[in-house]
Structure formats: C-alpha cells, structure tokens
Amino acid sequence: MPCWACCAIPVTGVLSDCLTGRITTHQSLYMARPTPSFPLFERLFRHSVAMDLGTANTLIYTGDGGILLNQPSVVCFKKEAAAGPRRVAAVGAEARQLLGRAPRNVEAVRPMRHGVIANYSAAEHMIRQFIDMARPRPMFSRRAAFTLCVPAGATQVELRAIREAAVAAGAWKVSLIGESLASAVGAGMPVSEATGSMVVDIGGGTTEVGVIALGGTAYSGSIRVGGDTFDAAIVSHVRHLYGVLLGEQTAEHVKKSIGSALRNVPLESMNATGRSVDDGLPRTVQLTNQDIAEAIDGPLRQVIGAVKRGLEMAPAELATDIAHNGIVLTGGGALLGHLGTRLTQELGLDVRVADEPLTCAVRGASAAAAAGLLDEAAFQ
Ligand SMILES: Nc1ncnc2c1ncn2[C@@H]1O[C@H](COP(=O)(O)OP(=O)(O)OP(=O)(O)O)[C@@H](O)[C@H]1O
Ligand SMILES: [Mg+2]
C-alpha cells in the first residue's frame, strides 16, 4: 500500500525509513496512515471543532472558520434569593471584569486551575455558553466532534471530568490531545519528522514541556506553574517590598506591561495602585522591570528546571536534535519580556517564541485532528 499523501513508498518499511532518517517531512509516518472512512451520515454532518479549555483563556477553532471564540475562562453566576438553580450572569471577558469586583449577589468563578477542571458545574455552564457564542454552524453548533487540549500532568479523574463536561455541554464526540503536541503542530514545528523538536508551552496554570518526533510525544512533562504563579509572586513581592496589596489583575497588567525575565536590562517603570496593609487606604507605588524580574525569579527557576528535566529525560538522539534545532516557546507566558534570552543563557540553546503563541495549541489541535495525529490510546 503506498503512502496516502504524496509518494509511492510502501507503508511497510516507512517506520524504519523514518527512523534511519531516509524519509523526511511530508513523507513521514503519519502521512502513511490511510484516511479514516466515516459512514455517509457522519461524513455529511461531521463537524470538527478544536477547543483549548485553558486556565486563563478558552479558544474555539475550526479549520474553515478560524478562531471563533477567544475569551477568558471565567463565568459569573447570579445568586438568587430563593434556593434553586444558579443563573449564569456573564461569561468570558464580561465575567472577567467582575473578578474581584463582583457585587454581593454575583459570584465570579474561574472553573479551571492548572489546566484541569476545578469546579465541574461552573465549567459545564461556561463551555455550554462558549459553544453557543461560537456557533460555527447554527444547525449543528453543539453536536460537533470536539478535540480538546489537555495537560500532560492531568490525572484520569481530571481527564474524565473534562470529557464529561464537554459531553454534558452538548459535544457529540470528544477526543483529547496533549497540549505539547497540539502546540508544536500549531507552532509549525516539523512534528512528523524523525528529528526531535522541543516545545515549551507556558500557560496561565501550567508549563508543559514536550519532545515530539514522528508525529508523537516522546517525552512530556508538566508542572503546575504558569502565568498565575507569576502574578501571585508579584503580589507577594510588592506587599513585602512596599506594604501594598495589589489585586491579581493589577499584578498581571504590570507583568504584561513591564515584566522581564532578566534583571540587567534597560530600566522601565510604571505606577500600580493597591491597598496599603498599614492603614487599608489606596496607595500607588512605582514598580520597575527589575522589581518584577526579582519577584518572578522563583517560579521562573521552576520553569527552567522543568525544561532542563525535559532535556535530561529525552532519548539521547532526540536531545541531540534539540541541541541543533533549539526550543520553541508557546502559550501566553512565552510573551514575557526577555524570556527567550534568559532561557538561552541558562541552557545554552537557541530559544524562539512561536508566532501567535496564545493560539498555537488550538490551531494545532485542529490540524492534528485533521491529520489523524491524535493519540487516543495515551488518554484511555
Ligand atoms: N505579554 C505577556 N507577558 C507575560 N505574560 C503574558 C503576556 N500575555 C499573556 N500572558 C500570560 O499568559 C497566560 C495566559 O496564557 P494562555 O492563554 O496560553 O494560558 P492557558 O492556555 O489559558 O493556560 P493553561 O495552558 O495553563 O491551562 C496568563 O497568565 C497571562 O498573564
Ligand atoms: Mg494553554
């Protein structure tokens, strides 16, 4: 049987040719898989949607419609006086504005923590609303096949909760893909080649380190450290340094504006307002990029440690490939100032930030599903 994509090389022997490096790029292993055949009904109505249900942001993407939804993973419930089902008051960006500001009869919830569901009922409501907002095709909007990105460190119980929440929100079928593989595909890395590639996805709640080769994940590691940890470290540092308590959203804003992974860079500063721990009154302090670099040094070292562990654990041949090809950063955390330079200094390897790092995972999940790259066995 020939390669289904582009060449006449028989399927038998493709694996060994890939391993010896004789077949590259479009001719590699996954391309040789036959196109799955669906029953007629399924082919007519099959509608495939990728969703990245992240700790900070949820994205929905389809191959033909592009990004249909990109919203913060937040849902607000209105507390009714009488006992009964809670009513969703807002989701996404609107709900995020209420975090830390909600009136007493409204509760703002972030249902995801560290890439997995922390509040099942809130997650189900949020997914349902997001699917309605995205409405890729009105007739079949909910009854679509979903491919969901999941962190490598998720337990079986956490994976089941994600599947069940998507099904409860109306998904017809749910497939899971590791966030590393999805991000690598979305970053345009040569995942189907025998050459090893390393991708580091720094999200809001997790950092995922993946080594990808031959269309699969050779190593994946996940730590529960991400942008949220950086924000918390900034809050704690500013409180310690100036006796001012910042809100988490203010800390995040400072991080995005002047955050730096390196201390010895040209000085930048900005004002941030919080509450004085002495008298409880509002107080504004001037923060510099060096303050932020100092604040986030602890969690940043954990991220660097996870990348070093990935390099140590990767099979020797793949580690050599990574040494030649470098590392690609994805996820919102990849946008932290000077992060690539800091990692290059610490690891002695080339490090680059992917184009559009915030959308790599969802775009990659969609492309991987279309190419038949999903490794369902890994998530059984
Ligand atoms: N310019 C920036 N500098 C630093 N951090 C940033 C920047 N832009 C976004 N971030 C951070 O990126 C994180 C969100 O990234 P992303 O959307 O990839 O996370 P997620 O996929 O929701 O989370 P996870 O993958 O952990 O579940 C937030 O913590 C946000 O503060
Ligand atoms: Mg993510």
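This note walks through the fold and the ligand shell of a predicted model.

1. **Overall make-up.** The protein has 13 helices and 18 strands. It counts 380 residues, and buried residues make up 45% of them. Take the contacts between residues at least 6 apart in sequence: 64% of these join residues at least 24 apart.

2. **A word on sheets.** Strands of a sheet pair through backbone hydrogen bonds, and the pairing is either parallel or antiparallel. Two sheets are described below.

3. **The five-stranded sheet.** This sheet is open, with the strand order E3-E2-E1-E9-E10. Its pairing is mixed. Strand E3 (66-72) and strand E10 (173-178) stand at the edges. Each has a single partner strand, so one side of each is left without a neighbour in the sheet. On average, neighbouring strands here are turned by 20 degrees against each other, direction ignored.

4. **One pair in that sheet.** Look at strand E9 (residues 145-150) and E10. They run parallel and are joined by six bridges. Val 150 stands opposite Gly 178 in E10.

5. **Helices on that sheet.** Helix H6 (residues 179-186) lies across E9 and E10. Its run makes about 80 degrees with E10. Helix H13 (residues 360-370) also packs on the sheet. H13 touches strand E1 (48-53), strand E2 (57-62), E9 and E10. The direction of H13 makes about 145 degrees with that of E1.

6. **The three-stranded sheet.** Here the order is E5-E4-E6, the sheet is open, and the pairing is antiparallel. Strand E5 (87-91) and strand E6 (106-109) are the edge strands, and each pairs on one side only. Neighbouring strands are turned by 30 degrees against each other on average, direction ignored.

7. Strand E4 (residues 75-78) pairs with E6 in the antiparallel sense, over four bridges. Phe 77 stands opposite Glu 107 in E6. Helix H4 (residues 120-134) lies across E4, E5 and E6. H4 runs at about 60 degrees to E5.

8. **The ligand shell.** How many residues surround ligand 1? There are 23, and the closest are Gly 54, Gly 203, Gly 227, Gly 332 and Leu 335. Helix H7 (227-242) and helix H8 (248-258) are the elements that give two or more residues to this shell. The largest share, three residues, comes from H8.

9. By class, the shell around ligand 1 has 14 polar, five charged and four nonpolar residues.

Methods: Residues numbered from 1 in each chain as written. Chains lettered and ligands numbered in written order. Predicted model: local features only at pLDDT ≥ 70, side-chain atom pairs only at ≥ 80, totals over all residues. Pairing = 2+ DSSP bridges. Axes fitted to C-alpha atoms, helices over the stretch in contact; angles between N-to-C directions. Contact = placed C-beta atoms within 7 Å. Near = placed C-beta within 6 Å. Nonpolar A, V, L, I, M, F, W, Y, C, P; charged D, E, K, R; others polar. Buried ≥ 20, exposed ≤ 12 C-beta atoms within 10 Å, placed from the backbone.
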